[in-house]
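Subject: Structure handover

Hello,

Here is the structure I promised to pass on. Please open it alongside this email.

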Amino acid sequence: MDIFVLDENLQRVSIIDIYKSFIWTERFNEWGDFELVIHFSQAVRAALPIGTRIAIPYSMRVMTVETQVVDVDDEGNNTITFTGRSLEALLDDRSAFFTMSGSNKNYIGVAYNKTSATKSDVASD
């Protein structure tokens, strides 16, 4: 199976078709993930830096490279293992604007009151 390396516009820029192992997992209620094991070389490491997006044929998912680990396999060969999660995992990186614990529960009401139009606001327009 071919693995497509994508640019920042999610356009294909290269193809990886030689690898030792490749696992692509898509999940319904959780982020998908992948693991790609390739014989190590500096060119391979440079081709898939952390943050690179990849895709495969017949899938609507895009995955992001999050880790690179260089290791020695059972046969004594140097390998590099790339792992990452699906693009939806970006949602984990967002920060919460309000916290909903203790006395902070009234923040939602304050935010609503500050952003909502009142009858007097509409009448003055």
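Below is what I found, from the overall layout down to single residues.

Please keep in mind that this is a predicted model.

**Overall layout**

The protein has 125 residues, and 26% of them are buried. Its secondary structure consists of three helices and seven strands. Read from the N terminus, the order of elements is β-β-β-β-α-β-β-β-α-α. The accessible surface is about 9,000 Å². Carbon and sulfur atoms account for 53% of that surface. Take the contacts between residues at least 6 apart in sequence: 47% of them link residues at least 24 apart.

Two pairings are worth a look. Strands β1 (residues 3–6) and β2 (residues 12–16) run antiparallel and are joined by four bridges. In this pair, V5 faces S14 of β2. The two strands form a hairpin, with five residues between them. L10 lies in the turn and has a positive phi of about 60°.

The other pairing is β4 with β7. These strands are also antiparallel, and seven bridges join β4 to β7. Here D33 stands opposite R85 in β7.

**The core**

In soluble globular proteins, nonpolar side chains tend to be buried together. What does the largest nonpolar core look like here, and which residues have the most contacts inside it? The core counts 16 residues, and F34, L36, L48 and F82 have the most contacts within it. At least two core residues come from each of β1, β3 (21–25), β4 (33–39), β6 (63–72) and β7 (78–86). The largest share is that of β4, with three residues.

Leaving out residues up to four places away in sequence, F82 touches F34, E35, L36, I38, V44, R45, L48, V65, T67 and Q68. That list includes F34, L36 and L48, which are named with F82 among the residues with the most core contacts.

**Two loop residues**

Y19 sits in the loop between β2 and β3. Is Y19 buried, exposed or partly exposed? Its relative accessible area is 25%, so Y19 counts as partly exposed. A polar atom of the Y19 side chain lies 2.8 Å from the backbone oxygen of M1. Beyond neighbours within four places in sequence, Y19 is in contact with M1, I3, L36, V37 and I38. Y19 and D2 are 17 residues apart in sequence, and their C-alpha atoms are 9.8 Å apart in space.

D73 belongs to the loop between β6 and β7. Its relative accessibility is 14%, so D73 counts as buried, the cut-off being under 20%. The side chains of D73 and K20 form a polar contact of 2.4 Å. A polar atom of the D73 side chain also lies 2.8 Å from the backbone nitrogen of N77. Setting aside residues up to four places away in sequence, D73 touches K20, H39 and T79.

Best wishes

How values were computed. Residues are numbered from 1 along each chain as its sequence is written. This is a predicted model: local features need pLDDT of at least 70, side-chain atom pairs count only at pLDDT 80 or more; totals for chains, interfaces and linings use all residues. Side-chain values use heavy atoms; hydrogens and water are left out. Two strands pair if DSSP finds at least two bridges between them. A nonpolar core is a set of buried Ala, Val, Leu, Ile, Met, Phe, Trp, Tyr and Cys residues joined through side-chain atoms within 4.5 Å. Buried means under 20% relative accessible area, exposed over 50%, partly exposed in between (1.4 Å probe, protein chains only). Contact means heavy atoms within 4.5 Å. A polar contact is a pair of N or O atoms within 3.5 Å; within protein, one must be able to donate a hydrogen and the other to accept it, and residues adjacent in sequence count only if both atoms are side-chain atoms. Accessible areas come from the Shrake-Rupley method with a 1.4 Å probe; for residues, only the protein chains shown count as cover.
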